[in-house]
Amino acid sequence: MKANHTLRGLIAAPFTPFDAQGEVNCPSIDKYAEFLISQGISGVFICGTTGESASLTTDERKRIAERWVAAAAGRLKVIVHVGGNCIPQSRELAAHAQRIGAYATAAMSPFFFKPASARELVDFFVPVAAAAPALPFFYYHMPSMTGVSIDVEEFLRLGGETIPNLAGVKYTHNNLMEMQALLNLEGGRFEVLHGFDEILLAGLALGAKAGVGSTYNYIAPVYLRIMECVEKGDLEEARRLQMISVEVVKIIIRHGGGVRGGKAIMNLLGIECGTCRRPLAPWGENELETLRKELENIDFFSLQK
């Protein structure tokens with residue numbers, strides 16, 4: 001399967017909503033989906049890093065996927081992250097994603113027993129991708145979390161020979177030289193989904209057409225304007241807008257990072273996401289108020305319009 005390069009625009013990486021008891025809150029996904037659609041989002045990458053996949057059971061991941069596909073109702077492309085450390089579990093999740101009508105599957109590298117080479121990673125993914133043969137499969141490259149820094153160009157070359165439905169890579173890394181090579185590999189055969197929100201402008205300059213990120217959940221209009229500015233050649237305005245994103249990212253880093261801080265932001269916007277699962281610490285009221293004030297100081301709450 002050659003990449004059709006059908007993914008365009010912004011693909012949000014949603015947070016997994018939990019209720020007050022720490023259980024998955026599937027009904028909240030319905031409102032969540034409507035909010036993302038209203039913000040101009042074209043797809044969702046569910047149960048990934050932002051979705052706390054490693055803290056979810058297999059059954060929970062299935063129920064979340066089912067709810068997102070139903071809530072999207074064809075208006076969002078739903079990419080289901082099925083990765084983990086266990087091939088049978090990933091195969092089960094991939095087959096389920098195909099059965100419920102997801103758009104694609106994706107998987108990060110196993111992160112406990114780690115592959116030592118691109119060949120070993122390809123061999124790990126062959127049966128996973130084969131469990132959902134009708135769906136495009138993306139390798140989710142995020143060495144900062146998995147600790148796996150294989151040669152992605154070599155992975156795509158090898159994977160292109162043995163994984164018929166390999167569509168490309170979700171590239172959450174800041175090695176822009178490697179990213180440029182991937183975009184041009186074999187005449188642009190593979191899709192490269194830009195995964196570093198705060199340098200989206202750099203990815204677009206290199207030729208990326210779609211981005212996957214957590215901050216797209218709550219400031220999508222800023223990034224859509226960056227894309228428009230790049231199309232028009234207005235780099236000065238694109239740089240100004242990218243700095244807005246950088247300021248937001250600085251704030252969430254001060255408040256526990258993209259998952260913990262970003263989830264708190266969604267709660268402030270009226271999308272019930274609850275807190276994170278341990279070991280990520282829950283929020284206190286004083287923290288939330290401090291976060292709100294910091295966001296108000298950069299006029300954050302006007303950015304969703």
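Which residue lies over the face of W283, and at what distance from the ring centre? R260 does, at 4.4 Å from the ring centre; a charge sits over a ring when NZ of Lys or CZ of Arg is within 6 Å of the ring centre and within 35 degrees of the ring normal. Here are my notes on the rest.

1. Ground rules. This is a predicted model, where local features need pLDDT of at least 70 and side-chain atom pairs count only at pLDDT 80 or more, while totals for chains, interfaces and linings use all residues. Residues are numbered from 1 along each chain as its sequence is written, and side-chain values use heavy atoms, leaving out hydrogens and water.

2. Helix α11. R260 belongs to α11, and it is one of the buried residues there, along with G257, V259, G261, G262, K263, A264, I265, M266 and L268. Buried means under 20% relative accessible area, exposed over 50%, and partly exposed in between (1.4 Å probe, protein chains only). Ten of the twelve residues of α11 are buried, so the helix is largely enclosed by the rest of the structure. The cover over those buried residues includes α1, α9 (216–232), α10 (235–254) and α12 (285–297), with contact meaning heavy atoms within 4.5 Å.

3. Helix length. α11 runs over residues 257–268 and reaches 16 Å from its first C-alpha to its last, close to the 16 Å expected at 1.5 Å a residue. That expected span is 1.5 Å times one less than the number of residues. Just after α11, G270 takes a positive phi of about 95°. Helices (H or I, at least four residues) and strands (E, at least two) are DSSP runs, numbered from the N terminus.

4. Strand β2. Both faces of β2 (residues 43–46) are covered: G43 and F45 are buried on one side, V44 and I46 on the other. β2 pairs in parallel with β1 (residues 9–12) over two bridges; strands pair if DSSP finds at least two bridges between them. Within that pairing, V44 stands opposite A12. Four bridges join β2 to β3 (residues 77–81), again parallel, and I46 has V80 as its bridge partner in β3. The chain gets from β2 to β3 through helix α2 (residues 58–72), in a right-handed β-α-β crossover. Right-handed here means that, with the strands pointing away from the viewer, the path from the first strand over the helix to the second runs clockwise.

5. Strand β6. Six of the six residues in β6 (residues 166–171) are buried. β5 (residues 137–141) joins β6 in parallel through five bridges, with L166 as the partner of F137. Four bridges join β6 to β7 (residues 191–194), also parallel, and G168 partners E191 in β7. With helix α7 (residues 176–184), β6 and β7 make a right-handed β-α-β unit.

6. Aromatics. There are eleven aromatic pairs in the structure. One of them is Y216 with Y223, edge-to-face at 4.6 Å centre to centre and 70° between the planes. Rings of Phe, Tyr and Trp (its six-membered ring) pair if their centres lie within 6.5 Å; planes under 30 degrees apart count as stacked, over 60 as edge-to-face and the rest as tilted. Y216 is at 0% relative accessibility, so it counts as buried. F137 also turns up in a cluster linked by ring pairs, with F124, F125, Y139 and F155.
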